[in-house]
Amino acid sequence: MGPALALALALALAGPLAGAAPLAALAAQENGRAASEVPDPEAEVARLIDRATQVFNATTPDAEGAAAIIAAWEDVQRAARRIDPDHPAIARAAIPIASQLYNLGRNDAAREAVEAGLAGLAADDPDTLAVRAEGVALLGTLLAQAGEADAAVAALEEGYRDYTASFNALGPEEIGRSEAVSKSNLEFSLSQVMLQLSRIEEALDYQRASLATREQYLGPNDPDTIASVYGLAGTLRRAGRMEEAEAEARVAVERAVAHVDPSHPSYARALEMLAIILSRSGRPIEATDYLVRSLELKREHEGADSLFFGYGIHLLATILHQRERYAEAVPLFDEAAPIFAKYQGEGSPFGLGSQGYAAQGAFALGRGAEALERLRALDARMAASDVDTEIAKRIGPDLVRALVRAGEVEEAARIAARDRARLIETEDTGAFALRHAVLVDAYAKAALAGDPGGAAADARAMLYFLEAGRVRASGAWQAEERAALDLIMEIALAANEPDILAQAIALATGSGIAQASALRAERLAARDGDIAAALKALQEAEAALEAADRALLRALAAGSGIAAARARLGEAVRVRDEAFAALKGRDAALGRLLEADRVTIPAIRARLGEGEALLAIAPAYDGAYSLLVTPGEVLMNRIALPRAELVAVAAAVRDGAAAGQFDAAVSARLAEALLPAGERAALAEADTLRILAGGPLASLPFGVLVLDNGPAPAFLADRFALANVASFDRPAAVPERRASGFVAFAAPTPFGRLEDGQGRQDAVLAPAAYFARSGADFARLAALPPLPGSEREARMIAREYEGGETRLFLGNEASEARLADPAVSQARILLFATHGLVGGELEGIAEPALVLARGGGGGGESGAARDGLLTASEIARLDLAADWVLLTACDSAAGFEGGATAFSGLVAAFRFAGGGSLLATHWKVRDDVAAYVAVHTLRRYREHGDKPRALAEAIASLRGESGLPGADRPEAWGPFVLID
C-alpha cells in the first residue's frame with residue numbers, strides 16, 4: 001500500500017477530537033483522590049476506561065498525546081489483570097492501544113496488539129461492538145499496508161458481515177454515534193483496500209455506503225459526515241474520475257465552511273482534499289490557495305507537531321516543486337521530513353519522499369555540493385532497506401549527474417546500472433521511468449568511457465518517446481521530464497549533435513501551447529461525441545505505445561523476445577499515428593496545435609532570410625541551453641548561470657524596466673550570459689536576430705539587454721532588428737489576394753459594466769485567475785480596468801491605413817460575435833486593443849486569451865460558448881488572412897511567475913487560423929506611445945516589407961524623433977515585441 005492510502009486510512013481511524021476536559025484537569029482529579037479510597041476492582045477498571053476515553057478526547061494528536069493515550073489504556077490493562085489474566089477489558093484496551101501504535105508508525109507492534117485484542121473479545125458482546133469494528137478496520141489496514149491485500153479483504157469482509165448482523169439487530173435507540181461511525185469506518189477501510197486491488201466499482205460502492213451511513217445517523221453537516229464526503233472525493237481521485245472527485249471535494253468544503261467550526265480537523269482536511277485534487281488535475285495555483293488556508297488552520301488549532309500537519313507541509317512543497325518554485329519548496333520538505341520520521345519512523349515513505357524532493361530541489365537550484373550530499377545520503381539509506389521505487393527513480397538520475405560532475409564517474413556508472421536493473425525488474429515501472437533510467441545509464445557509461453557521443457542514440461529515443469506522449473492529462477512537464485530534457489540537451493552538447501538539441505528545445509519551449517491544447521481537447525470532447533471518441537482512441541493508443549516501449553526495454557535487458565517486442569512496438573506506433581490522424585481529421589486546428597514538428601539545422605537555416613540569425617534559449621531543469629544558427633555557423637552552449645539564477649536575473653531586468661527602475665549593470669550581466677563572446681562574433685554579419693525563448697524567458701524584453709554598459713548603454717535593440725518566434729517553424733506567407741482592409745476591436749465594454757454600471761478596476765492578474773472549472777470567471781473579468789485610450793489608438797491607426805476597407809468595433813460591439821463579420825476574414829491588419837491574458841502560469845482549463853465584450857450582434861459562437869473570452873483554441877478556428885495582428889493593449893501581467901511561454905499560444909493560434917505576425921507588448925504602455933509605434937511600424941513596413949526592421953525603425957523613431965515625454969526610457973520602448 002502506498003503512503004497516500006496509509007494516510008487516508010489513518011485519517012479515517014484517528015477519530016474526532018472532542019472538547020473534553022484537558023489532561024491537566026484529569027491529572028488534578030487523579031491527584032485529588034484520597035489515598036484511603038480503595039474502590040472495588042471492577043469499579044476501578046470501569047473508572048479507568050472512562051478516564052482513558054477522556055484522555056483520548058482531550059489529547060492533541062501528536063506523539064506526546066499518543067503516548068498519553070497508550071499509557072491510560074495500559075493502566076486499564078494492569079487493573080484488569082489483577083482481577084483475571086483473561087479479563088475482557090485487557091482485550092478491550094488493546095484495540096485503542098493498537099490504533100495509537102499505528103499512528104506512531106509502529107505497525108508490527110500495532111498488528112500484534114490488535115490481533116490479541118480481537119482474539120480476546122467475545123463476538124456476541126454488544127458492549128464491545130464498536131470496539132471490535134475499530135479493531136477489524138485497523139487489522140485490514142495493517143494487512144493492506146504490509147502488502148497482504150487478499151488477507152486484508154478477507155478479514156474486513158468477515159468482520160463487516162459480523163458487524164452488520166449485530167448492527168442490524170440493534171434497536172434505533174441502541175444505535176449511537178460510536179456504532180454508526182464504526183460501521184462507516186469498516187466500509188471506508190473496505191473501500192480503500194478494494195481500490196488497492198483495482199476493484200474500482202466495489203471500492204466506490206463501499207465508500208458511498210460509508211457516506212450514506214454517516215448521513216443517515218449523524219446528519220449531512222456533521223463534521224464526521226463531511227469527512228466521509230471528502231473521503232469519497234479522495235477515492236474518486238484515486239480511481240481517476242477527477243471531475244466527480246472535484247465536485248465531491250467542493251461539496252465537502254461548502255458544508256465545512258457553512259456548518260463546521262474552523263477549529264475542527266474536518267474543516268482543514270476538506271480544504272486539503274480539494275487542494276490535492278486540484279493539484280492532480282493541472283490546477284496547482286488554486287490548489288496552493290486552499291492548501292495554505294488548510295495549513296493555517298492546522299497550525300492554529302492542531303499545532304505544527306502532528307503527522308497531518310507534516311502531510312500538509314509535504315503536499316504544499318510538492319505543488320511548489322511542480323511549479324518549479326524550488327527555493328520555496330526545499331525548506332518545506334526539510335520541515336516535513338522530521339515530522340514523518342517522528343511519527344512513522346526513519347523509514348517512512350513520506351519522510352524519504354520529502355528528502356528525495358528536497359534533494360531534487362537543491363539540484364535544480366544549482367547547489368551542486370549540497371545536492372550531492374543529500375542525494376548520496378538518501379541513496380545509502382534506500383540501499384539498506386526495501387524502499388518504494390518511486391523515490392529511487394526520482395533521485396537516481398540527479399545522483400548520477402551530480403557524481404559525473406564531481407568526477408566520480410565509476411560510482412555514477414555503478415549506480416546508473418543498478419537503478420536501470422532495479423526498475424526493469426519492477427513490474428509496475430512506467431515506460432518513462434524505464435526510458436529515463438536507460439538514458440541515464442547510457443550517459444554514465446559514456447562518461448566512464450570518455451565517449452561524448454556514446455549516449456546520443458538513447459537521447460534520440462527519449463526525444464521520440466516524449467514527443468509521442470504530448471497528449472497528456474495536464475500537458476505540463478513534470479520535474480522528472482524536465483530533468484530528462486535537460487539531460488538530452490547536455491548529451492547533445494557533449495556529442496556535438498545540434499539536431500538533438502534543437503528538437504529538445506522545441507519540446508521544452510512548446511509545452512505551454514501543448515498544455516492548453518490538451519485541456520481544450522478535453523473540453524471539446526465533453527460537447528462533441530466524435531471528438532470524444534477520437535481523443536479516447538488516441539489516449540488508448542498512447543497507453544499501448546507506452547506499454548510496448550516498456551516491453552521492448554525489458555526484452556532488451558533479458559536478451560530474449562526482442563524481435564516480437566520490436567514488432568509490437570512498431571504496430572503500436574502505427575496505431576498511434578492513425579489515431580492522431582483521425583483526431584486531426586475530426587478537428588484540424590486542434591490536431592495542428594497538438595502536432596510536434598521535426599526540427600533539423602538545415603530546416604532552420606532554410607527558413608532564415610538574408611542577414612538573419614536565430615537564437616534559441618531553453619531553461620530546462622538545473623541548466624539552461626542556447627542554440628545559435630547563422631548561415632555559416634552553429635553554436636551550442638550551456639549558459640554559464642544555473643537555471644534558477646538565470647531566471648532570477650532575467651526577472652530583475654524585466655521588472656526593473658517595467659517599473660521605471662532599469663538597472664543597466666544587471667542587464668549587461670544577463671546579456672553576457674546569453675550572448676557570450678563566441679556568439680557575438682558569430683553574429684558579426686547579421687542584422688536581424690530571431691529569438692526563440694522558452695519558459696520564463698519568453699517574458700524577457702530582449703531589446704533592453706545591454707551589450708556595452710558605457711556612459712550611453714548600447715542595447716541589443718540598437719544592434720539588431722529583433723523578432724521573437726513561437727517555434728522553429730517559419731510562418732507561411734499571407735495570400736495577398738485575400739488580404740485587404742483594417743479591422744479593430746478596441747475599448748471593449750468591461751464585463752459586468754452594463755449590468756451594474758460600476759465594475760471594479762483591479763490590476764490584471766495571471767491568466768489562470770480568470771478561469772473556473774466551468775469556463776470563464778465573469779466576476780474576475782468584470783474587475784479588469786477599462787481601456788479608454790485604446791479607442792483613440794484604433795482611430796489613429798485607421799487614419800493612417802491605406803488600401804482597403806476600415807471597420808472599427810468599439811465598446812459593446814468589440815465582441816466575439818463580430819468576428820463573424822466578413823471584414824475580419826479579409827483584413828490585412830487586425831487590431832485587438834484589449835486586455836490579453838498571455839503570461840504567467842496556465843492551469844486547468846486556462847489558456848492564452850483576449851478579453852472582448854460580452855455583448856454585440858449575432859453570428860460567431862452561439863450559446864454559452866460566446867463568453868467574451870477569445871481563447872487560443874477559438875482563435876485557431878477562425879479563417880484569417882491578416883498579415884499583421886496588433887495586440888497593443890496586451891499585458892503579459894504575470895511576468896515570470898510559473899514559466900508558461902508568454903505569447904506562443906496566441907501566436908500559434910493566429911498562425912493556424914491563417915494569420916501572420918503579432919505586434920504586442922510585455923507590459924502596459926501609454927496609449928500615445930502604443931499608437932505611435934503601431935502607426936510607424938506599419939508605415940515603415942509598407943515602404944520595404946521587412947517586419948523586424950520596420951519595428952526597429954519605429955522604436956528608433958520613437959526614441960529620437962517623436963518628442964513624446966520619456967520616450968527614450970526603457971519602460972516606454974522596451975516592451976514592444978514582434979512575434980513571428
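# Why is it called that? Questions about a predicted chain

Me: The structure holds 55 salt bridges. What makes something a salt bridge?

Reply: A salt bridge is a side-chain nitrogen of Lys or Arg within 4 Å of a carboxyl oxygen of Asp or Glu. In general, side chains of opposite charge can pair when their charged atoms come close.

Me: Before we go on, what kind of model is this?

Reply: This is a predicted model, where local features need pLDDT of at least 70 and side-chain atom pairs count only at pLDDT 80 or more, while totals for chains, interfaces and linings use all residues. Residues are numbered from 1 along each chain as its sequence is written, and side-chain values use heavy atoms, with hydrogens and water left out.

Me: Okay, why is the pair Arg374 and Glu370 called a salt bridge?

Reply: The closest N and O atoms of Arg374 and Glu370 are 2.9 Å apart, and the limit is 4 Å, so the pair counts. Both residues sit in helix H18 (residues 368-383), four residues apart, about one turn of the helix. Helices here are DSSP runs of H or I with at least four residues, strands are runs of E with at least two, and both are numbered from the N terminus.

Me: What does the salt bridge between Glu497 and Arg460 tie together?

Reply: The closest N and O atoms of Glu497 and Arg460 are 3.1 Å apart. Glu497 lies in the loop between helix H23 (479-495) and helix H24 (498-509), and Arg460 lies in helix H22, so the pair ties together parts that are 37 residues apart in sequence. Glu497 is at 23% relative accessibility, so it counts as partly exposed, and Arg460, at 41%, counts as partly exposed as well.

Me: Why does Asp821 count as buried?

Reply: Asp821 has 16% relative accessibility and the cut-off is under 20%, so Asp821 counts as buried. Asp821 forms a salt bridge with Arg807, with the closest N and O atoms 3.2 Å apart. Asp821 is in the loop between strand S11 (806-811) and helix H37 (822-826), and Arg807 is in strand S11, 14 residues away. Arg807 is at 27%, so it counts as partly exposed.

Me: Which residues are linked in a network of salt bridges?

Reply: Arg401, Arg405, Asp486, Glu490, Asp622 and Arg638.

Me: How do you know that Lys298 is buried?

Reply: Its relative accessible area is 1%, under the 20% limit, so Lys298 is buried. Lys298 is found in helix H14 (residues 284-301).

Me: What makes Lys298 and Glu272 a polar contact?

Reply: Their side chains are joined at 2.6 Å. A polar contact is a pair of N or O atoms within 3.5 Å; within protein, one must be able to donate a hydrogen and the other to accept it, and residues adjacent in sequence count only if both atoms are side-chain atoms. So 2.6 Å falls inside the limit.

Me: Which residues does Phe465 touch?

Reply: Not counting residues up to four places away in sequence, Phe465 touches Ala431, Phe432, Arg435, Glu546 and Asp549. Contact means heavy atoms within 4.5 Å. Phe465 and Asp549 are 84 residues apart in sequence, and their C-alpha atoms are 8.6 Å apart in space. Phe465 lies in helix H22 (residues 456-468) and is buried, with a relative accessible area of 15%.

Me: What makes a group of residues a nonpolar core?

Reply: The members are buried Ala, Val, Leu, Ile, Met, Phe, Trp, Tyr and Cys residues joined through side-chain atoms within 4.5 Å. Of the 173 residues in the largest nonpolar core, Leu627 and Phe728 touch the most other members. A second, separate core of 69 residues includes Ala613, Leu646, Ala668 and Tyr932.

Me: Why are S13 and S15 said to stand at the edges?

Reply: The open sheet has the order S13-S14-S15, with antiparallel pairing. Strands S13 (836-837) and S15 (869-871) each have a single partner strand, so one side of each is left without a neighbour in the sheet.

Me: How do you know that S13 and S14 pair?

Reply: Two strands pair if DSSP finds at least two bridges between them. Two bridges join S13 to S14 (residues 849-851), so they pair.

Methods
Buried < 20%, exposed > 50% of the residue type's maximum accessible area, 1.4 Å probe, protein only.
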